[in-house]
Protein chains: 2
Amino acid sequence: MREWEKNFRQVEPYTPGEQPDFPDMIKLNTNECPYPPTPRAAEALRELAQERDRLRLYPDFRAGALTECLAHYYGLTQEQIFVGVGSDDVLSVAFLTFFNSEKPVLFPDITYSFYDVWAELYRIPYERPALDENFRIRREDYYRENGGIVIANPNAPTSIAEGTEFIEDILKHNRQSVVIVDEAYVDFGAVSALPLLEKYENLLVVQTFSKSRAMAGMRIGYAMGHPSLIRAMNDVKYSINSYTMNASSLVCGVCAVEDDAYFKECCARIMRTRAWARDRLAELGFACLESSANFLFASHESIPAKRIFEALREKNIFVRYFAKPRIDNYLRITIGTDEQMQALVNALEEIVKG
Amino acid sequence: MREWEKNFRQVEPYTPGEQPDFPDMIKLNTNECPYPPTPRAAEALRELAQERDRLRLYPDFRAGALTECLAHYYGLTQEQIFVGVGSDDVLSVAFLTFFNSEKPVLFPDITYSFYDVWAELYRIPYERPALDENFRIRREDYYRENGGIVIANPNAPTSIAEGTEFIEDILKHNRQSVVIVDEAYVDFGAVSALPLLEKYENLLVVQTFSKSRAMAGMRIGYAMGHPSLIRAMNDVKYSINSYTMNASSLVCGVCAVEDDAYFKECCARIMRTRAWARDRLAELGFACLESSANFLFASHESIPAKRIFEALREKNIFVRYFAKPRIDNYLRITIGTDEQMQALVNALEEIVKG
């Protein structure tokens, strides 16, 4: 080992889902939206191309246009909105900003697998209460001293959502630390904790443009909370990189929020396809957890998940498999278009009956 | 103070240059390029608009197209290139990755004012040897035990560049820590440390698309170094945010590198304008440090810098003034177009003679 390598920060990086790029593949592995974003986003890019002189200038470091339209959309003020390069950027800044206690931060053993990566990176102590045998979060596990709480709702990869009363119970028992509710998948049938912001100044709600707003490629995430939380996050953000949102993400982001009809129709279609797919999968011997997300978490009655995962890959259909305790007999299947899901069902039929 | 606020990370954020936006203003305060980026960047945005379905997908987390074209351009391998959301993102990741020693990281007292912000944020000990009375870095100050070294070359806001032999001397005396050379302004007449990469595995060279490549609005920076340094930075990056470069920054970045003739012509024009402006400023009683950057660091023989700064603002001309010890009688003036610099000279003439 070279001398300077002794001072490298030791990390166990997060492994993103593979990004295969084959013609005719069916990509159901990273929970992207199967539909393109609003056509207005394309218009916005064309307009930006027209005024390319704008590219030479630093973008607005306050991302004012985007925070303003998000504030308007959710009935909040601009001082309650933080934006970042995807919700991963937003959550990373939140961990660094809020979790500086000696007490452990709490999040479930089975949840978004980036939480422990940030905790390790920033040397934040943490504990992971186990989900119950039905993969539900036990709220009582979060009724104790802690340095912060992170709940994904709906949870990933389980797809299960809890109600407002459940989240409020956790908030009621935690008046001393910041509680983050990660709502990456909330738009597919779950209920947002946003109305609780009025009552709980230590609540931070995080959402993203990567799923329901069909813009994973533009990297936009946001947090909503009390101005004192948002101010603290911005102070940390301005201490890392003043200008994170580039000119094109700002204009596309605004368009996606403004075209609410398109957004709602997208979410509705995905939920319809989800219900259809769930029924077909049941007919083939799969049990799916009750999903409020744009994916299903499915286990077959007799064939191991890993074998199905590999058989699907051979048919150029990509889903996500986690070789982790408790969930290694499940597949996480993103809801695609109706045609993609029909192709998936056909392929599974062959695998199951073959 | 609310209970949870006690655990907020305490920071003193970096203050970016103001981003005024008045019609007819002359903006010479944040070292942007006065010319638009290559027309090919606009074409790339139009093509992306045409294929808006790509926006729904996560971008390539390896940023392969961009690292490949940078590697080709600089005669390196892809494993030697790291890309980020502006060079601030790149430097922030480098600080977090490499500077985990108990020994202090060293950088000059007068230099890019983000270095101490990152050091504070990440709790990295640091010391700042003073520039000499001519605002030059004293290389001997860096011949001692340390946890890392950061040299901006050309330095900012002084605009002064040192030669390869100077940088190599620092490297020769530092075989135990990572030495970062921040070359944000190198394309305006300085000499890059890149050829030293073959000999020094602990050297990291950082550059940006925000100045010479006229794309501050697209947020692209990059680092070049030994594959073991780049791998370590990527491990940390993937532990913060897997997908940082959005679809549009990737395509625009590639275009900017490919259109080398445009890039070289841009730099040459800025250097010609710089020489002209320096002569005019001298005629008005200003002394400028010898600049190898796209800005001048200028002090007037009799009128305080702050007064000139304010008088220029009243005329809608924005330059940068730092109310800091040693440099509080200097103005940092970005090189604009010939017309902008003529307007600046006219305004200064009125101020100086009025």
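**Notes on the predicted model: sheet, domains and a helix pair**

1. Let's start with a helix on the sheet of chain A. In this predicted model, helix α2 of chain A, residues 64–74, lies across β2 and β8 of chain A. Its direction is at about 130° to β2(A).

2. Another helix goes over that part of the sheet. Helix α6 of chain A (residues 227–238) lies across β2, β7 and β8 of chain A. Helix α6 of chain A runs at about 30° to β2(A).

3. Now the sheet itself. It is an open sheet of 7 strands in chain A, and reading across you get β2-β8-β7-β6-β5-β3-β4. The pairing is mixed. At the edges you'll find β2 (81–84) and β4 (126–127) of chain A, each of which pairs on one side only. As background, strands of a sheet pair through backbone hydrogen bonds, either parallel or antiparallel.

4. For a closer look at one pairing, take β7 and β8. Strand β7 of chain A (residues 203–208) and strand β8 of chain A (residues 221–225) run antiparallel, with 5 bridges joining them.

5. How many residues of domain 1 of chain A are in contact with domain 2 of chain A? There are 24, and they meet 22 residues of domain 2 of chain A. On the domain 1 side, α8 (260–283) and β10 (295–300) of chain A each supply at least two residues. The largest share on that side comes from α8(A), with 5 residues. By class, the domain 1 side has 16 nonpolar, 4 polar and 4 charged residues.

6. Last, a helix pair in chain B. Helix α8 of chain B (residues 260–283) packs with helix α10 of chain B (residues 338–353) at an angle of about 10°, and their axes are 10 Å apart. Angles under 35 degrees count as roughly parallel, so α8(B) and α10(B) are roughly parallel to each other.

7. Who meets whom in that pair? From α8(B) come B:Thr273, B:Trp276, B:Ala277 and B:Arg280, and they meet B:Asp338, B:Met341 and B:Val345 in α10(B). The residues of this contact divide into 4 nonpolar, 1 polar and 2 charged.

Technical notes:
Residues numbered from 1 in each chain as written. Chains lettered and ligands numbered in written order. Predicted model: local features only at pLDDT ≥ 70, side-chain atom pairs only at ≥ 80, totals over all residues. Contact = placed C-beta atoms within 7 Å. Helix = DSSP H or I, 4+ residues; strand = E, 2+ residues; numbered from the N terminus. Nonpolar A, V, L, I, M, F, W, Y, C, P; charged D, E, K, R; others polar. Pairing = 2+ DSSP bridges. Axes fitted to C-alpha atoms, helices over the stretch in contact; angles between N-to-C directions. Parallel < 35°, antiparallel > 145°, perpendicular 65-115°, else oblique.
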